[in-house]
Amino acid sequence: MSPVVHATGVRMSYGETQVLNGVDFAVAPGEVSCVIGPSGSGKSTFLRCVNGLEPVLGGSLRVLGEEVGYNLREGRYRPWSPKEFAAFRRRIGMVFQRFNLFAHQSALENVACAPVHVLGLPAEQARRTAMEHLERVGLAAHAHKRPHQLSGGQQQRVAIARALAMSPELMLFDEPTSALDPELVDEVLEVMRGLAADGMTMVVVTHEIAFAREVGDRLTFFADGVVVESGPPAELVANPGHERTRAFLSSVL
Ligand code: ADP
Ligand code: MG
C-alpha cells in the first residue's frame, strides 16, 4: 500500500530562516505516527506543509496521493487551483493545541457547521451525524453547551468531533493535550486511542511518551528541522541511537 504521507528531503524556510532542512518521513495507511522534539524544531511547520498550508520549497512531499510540494517528476511546483486546494484540505482533519471552537455556537453547531457549509449536507442530517460524533467523544449530554461552559478537555474533544465530522482520511494532531490541565489530558488521549483502534491514520505531535509507547506504531524525533531518528516507540525510548534523542527524552520522561 502506498504511504499516506511520504516526505523526502522536505525543505521550508520563513524568509531567511531555514526551518525544515530535509525531512524524510513516511506514514502508512492506518498507522499512528508520533512526533517529538524540542520547541522550534519544525514539528508544527511540517504538519502545516502536510496540510498544504505552507509551501514546500524543496524535496518531495506526497500526501494522500497528491504531490503537495515540488514535483520531482515534472520538475515544478504543483499548481493548486483554489478548488483543488479546498478539496485536498477537506480530506485532512487537524487538531491544534488551542481548540479554536466558535465561541457563539453550541458544541453540536460547532461539529455540524463544516458539513453544512463546506459539504452542503442538509442541516438535519448534519446535526444527526454531529450528534453521533459527539457520542463517539463522550459528549452527547453536552451537545447544547457553548465552549465556555465546557472544560478544556471537553472543548478539545469537541474539536476532535468537529474534525471527524468531515470524514477525514488523515488526522493531524499538534500537541493536542499541551494546553490542558494534567487531570484533563487522559480523556482526550482516550478519544485518540479509540480513533487509533478504529484504524484512523494519525500523525500526533505529543510529548506524552506513555501514549506514544502504547498507541504509536512509530516514534520520530525532530531537531533543527530534520528527523534525527525514528523507530518503534518502545525501542526508541529504551535505546535511543543519538545523544540528542536521549537528552530530550530524559527531559520529558
Ligand atoms: P515546533 O512546532 O517544533 O515548536 P515550529 O514549526 O513552530 O516548531 O517552528 C520552527 C521555527 O520556525 C521556529 O524557529 C519558529 O520561530 C519559526 N517560525 C514558525 N512560524 C513562523 C512564522 N509564521 N514566521 C516566521 N518564523 C516562524
Ligand atoms: Mg509546534
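These legends describe close-up views of a predicted model.

**View 1. Residues around ligand 1.**
Ligand 1 is surrounded by Tyr 14, Val 19, Pro 38, Ser 39, Gly 40, Ser 41, Gly 42, Lys 43, Ser 44 and Thr 45. By residue class, this shell holds three nonpolar, six polar and one charged. Helix α1, which spans residues 43–50, supplies the largest share of the shell, namely three residues.

Lys 43 has an N or O atom in its side chain that lies 2.7 Å from an oxygen atom of ligand 1. For Tyr 14, an N or O atom of the side chain is 3.5 Å from a nitrogen atom of ligand 1. Ligand 1 taken alone exposes 560 Å², and the protein buries 56% of that area.

**View 2. Packing of helices α3 and α5.**
Helix α3 covers residues 107–117 and helix α5 covers residues 152–164. The axes of these two helices are 8 Å apart, and the helices pack at an angle of about 25°. Angles under 35 degrees count as roughly parallel, and α3 and α5 are therefore roughly parallel to each other. Their crossing is right-handed.

Conventions. Residues are numbered from 1 along each chain as its sequence is written. Chains are lettered from A and ligands numbered from 1 in the order in which they are written. This is a predicted model: local features need pLDDT of at least 70, side-chain atom pairs count only at pLDDT 80 or more; totals for chains, interfaces and linings use all residues. Side-chain values use heavy atoms; hydrogens and water are left out. A residue is near a molecule or strand if one of its heavy atoms lies within 4 Å of it. A polar contact is a pair of N or O atoms within 3.5 Å; within protein, one must be able to donate a hydrogen and the other to accept it, and residues adjacent in sequence count only if both atoms are side-chain atoms. Accessible areas come from the Shrake-Rupley method with a 1.4 Å probe; for residues, only the protein chains shown count as cover. Helices (H or I, at least four residues) and strands (E, at least two) are DSSP runs, numbered from the N terminus. Ala, Val, Leu, Ile, Met, Phe, Trp, Tyr, Cys and Pro count as nonpolar, Asp, Glu, Lys and Arg as charged, and the others, Gly among them, as polar. Axes are lines fitted to C-alpha atoms, for helices over the stretch in contact, and angles run from 0 to 180 degrees between N-to-C directions. Angles under 35 degrees count as roughly parallel, over 145 as roughly antiparallel, 65 to 115 as roughly perpendicular and the rest as oblique. A crossing is left-handed if the near helix is turned anticlockwise from the far one by less than a right angle, and right-handed if clockwise.
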